[in-house]
Amino acid sequence: KTRKKTSSMIDDFIKFLVAEGCKPVEIHRRMSTVYGATCFSQKNVYKWAKLFKEVRSSVEDEGRPGRPTEVRSPEVIESVNDLIQSDRRVTVDDIARTLSLSVGTAHKIVHDDLGYSKVSCRWVPKMLTAEHKRRRVELSQQCLSRYEKDGDEFLKKVVTCDETWVWHYEHVGSPVKKKFKSQQSTRKVMLTVFWDMQGTITISFLEKGSTVNSANYCELLRQVKKDIKNKRRGHQSKGVILHHDNARPHTAAQTVQTINKLGWELLPHPPYSPDLAPSDFHLFGPLKAFTRGTKFESDDEVKSVVSDWLRHQSKDFYAEGIRKLVHRWEKCVTVLGDYVEK
């Protein structure tokens with residue numbers, strides 16, 4: 001009851017100030033003064049101020065008699081797409097909770113309006129273009145040729161990396177827990193992990209207030225080189241083949257230049273291909289299954305638990321993840337570039 005009352009008060013507060021003609025920056029300042037730590041972020045205040053003018057009548061996601069039908073406006077659809085672009089592993093439930101939509105409306109926007117489907121737990125376009133498929137086949141064939149030539153020595157040089165959000169609380173899908181909507185459940189930590197056939201090399205968490213950009217990623221790559229020198233003696237001299245996806249920080253000119261300076265080779269990776277990324281199809285699924293249903297009280301607790309889990313997985317577990325690449329490259333060629341589920 002207290003949560004509903006607070007949500008209703010914030011709802012009325014925003015609507016009142018919008019009606020008065022206040023600008024979003026002023027609304028956020030006044031809300032921060034009144035509600036303190038429970039206040040919406042400035043981004044959300046901007047979003048709701050705009051939506052209240054156009055399509056919404058309440059920020060609450062509570063079913064009740066007389067509630068107006070939710071409108072799938074361009075602004076709402078854009079907000080959903082922004083969430084997916086910032087975290088391609090975000091769930092429909094998370095989208096609904098974050099934007100105060102019903103799960104049904106969020107599902108329709110994701111699947112019908114935006115045309116996404118999930119592959120290896122990441123949102124991707126439902127239909128790959130002919131060019132996407134051609135590129136996937138071409139790059140898979142290149143990797144297979146390298147494997148046929150060098151065998152496991154090729155795979156041993158691969159260092160793969162990826163990022164994912166770890167939530168303070170993610171429900172396990174039971175009817176009771178699905179109703180849990182505390183502020184804690186919207187908090188999350190960005191994990192970046194580099195690993196190879198022997199296990200983890202570098203585990204990093206994004207600092208609060210920072211963003212994933214080329215400068216931060218390049219600094220992290222330099223740390224990875226130091227960690228390889230300390231944890232994989234002789235690996236650097238044998239050669240490092242870095243594998244990552246095509247996220248902007250990974251493909252920026254500054255990043256490419258840094259990789260060249262480090263003396264590393266880059267393993268080609270086609271766009272929209274989480275099914276060919278070991279972290280997506282092998283690592284993050286079991287990690288999320290382990291943390292799901294656990295309520296973490298702080299960022300530090302998230303970091304500690306996740307780091308311990310990653311470090312305690314067996315060498316065979318990580319080696320299997322890298323070796324699965326060969327099967328997936330083969331399958332990708334066989335199905336002419338379509339997605340590979342298993």
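Guide: Rings of Phe, Tyr and Trp count as an aromatic pair if their centres lie within 6.5 Å. The structure above is a predicted model, and a search of the whole of it finds six aromatic pairs.

Visitor: What makes W309 and F317 an aromatic pair, and why is the pair called edge-to-face?

Guide: The ring centres of W309 and F317 are 6.2 Å apart, and the limit for a pair is 6.5 Å. Their planes stand at 85 degrees to each other. Planes over 60 degrees apart count as edge-to-face, so the pair of W309 and F317 receives that name.

Visitor: Which arrangement do F317 and Y318 adopt?

Guide: F317 and Y318 also form an edge-to-face pair, with 5.2 Å from centre to centre and 80 degrees between the planes. W195, F290, W309, F317 and Y318 form one aromatic cluster.

Visitor: How do you know whether W309 and F317 are buried or exposed?

Guide: A residue is buried when its relative accessible area is under 20%. W309 has 10% relative accessibility and therefore counts as buried. F317, at 15%, therefore counts as buried too. Y318 is likewise a buried residue.

Visitor: How many residues does the protein have, and what share of them is buried?

Guide: The protein has 342 residues, and 46% of them are buried. Its secondary structure comprises 15 helices and seven strands.

Visitor: Why are α9 and α12 called roughly parallel?

Guide: Helix α9 covers residues 214-231 and helix α12 covers residues 253-262; their axes cross at roughly 15 degrees and come within 9 Å. Angles under 35 degrees count as roughly parallel, and α9 and α12 are therefore described in this way. The crossing of α9 past α12 is right-handed.

Visitor: Which residues make the contact between α9 and α12?

Guide: On α9 the contact involves S214, A215, Y217, C218, L221, R222 and K225, while α12 contributes Q254, T255, T258, I259 and L262. By class, six residues of this contact of α9 with α12 are nonpolar, four are polar and two are charged.

Visitor: What makes up the contact between α7 and α15?

Guide: From α7 come R136, V137, S140, Q141, C143, L144 and Y147, and from α15 come V326, W329, E330, C332 and V333. The contact of α7 with α15 has eight nonpolar residues, two polar and two charged.

Visitor: Where does E170 lie, and why does it count as buried?

Guide: E170 lies in the loop between β3 (158-167) and β4 (188-196). Its relative accessibility is 13%, and the limit for a buried residue is under 20%; E170 therefore counts as buried.

Visitor: Which residues does E170 touch, leaving aside those up to four places away in sequence?

Guide: E170 touches T91, R292 and G293. The C-alpha atoms of E170 and K188 are separated by 9.8 Å, and these residues are 18 apart along the chain.

Visitor: What share of the contacts between residues at least 6 apart in sequence joins residues at least 24 apart?

Guide: Among those contacts in the protein, the share is 69%.

How values were computed: Residues are numbered from 1 along each chain as its sequence is written. This is a predicted model: local features need pLDDT of at least 70, side-chain atom pairs count only at pLDDT 80 or more; totals for chains, interfaces and linings use all residues. Side-chain values use heavy atoms; hydrogens and water are left out. Axes are lines fitted to C-alpha atoms, for helices over the stretch in contact, and angles run from 0 to 180 degrees between N-to-C directions. Helices (H or I, at least four residues) and strands (E, at least two) are DSSP runs, numbered from the N terminus. Angles under 35 degrees count as roughly parallel, over 145 as roughly antiparallel, 65 to 115 as roughly perpendicular and the rest as oblique. A crossing is left-handed if the near helix is turned anticlockwise from the far one by less than a right angle, and right-handed if clockwise. Contact means heavy atoms within 4.5 Å. Ala, Val, Leu, Ile, Met, Phe, Trp, Tyr, Cys and Pro count as nonpolar, Asp, Glu, Lys and Arg as charged, and the others, Gly among them, as polar. Rings of Phe, Tyr and Trp (its six-membered ring) pair if their centres lie within 6.5 Å; planes under 30 degrees apart count as stacked, over 60 as edge-to-face and the rest as tilted. Buried means under 20% relative accessible area, exposed over 50%, partly exposed in between (1.4 Å probe, protein chains only).
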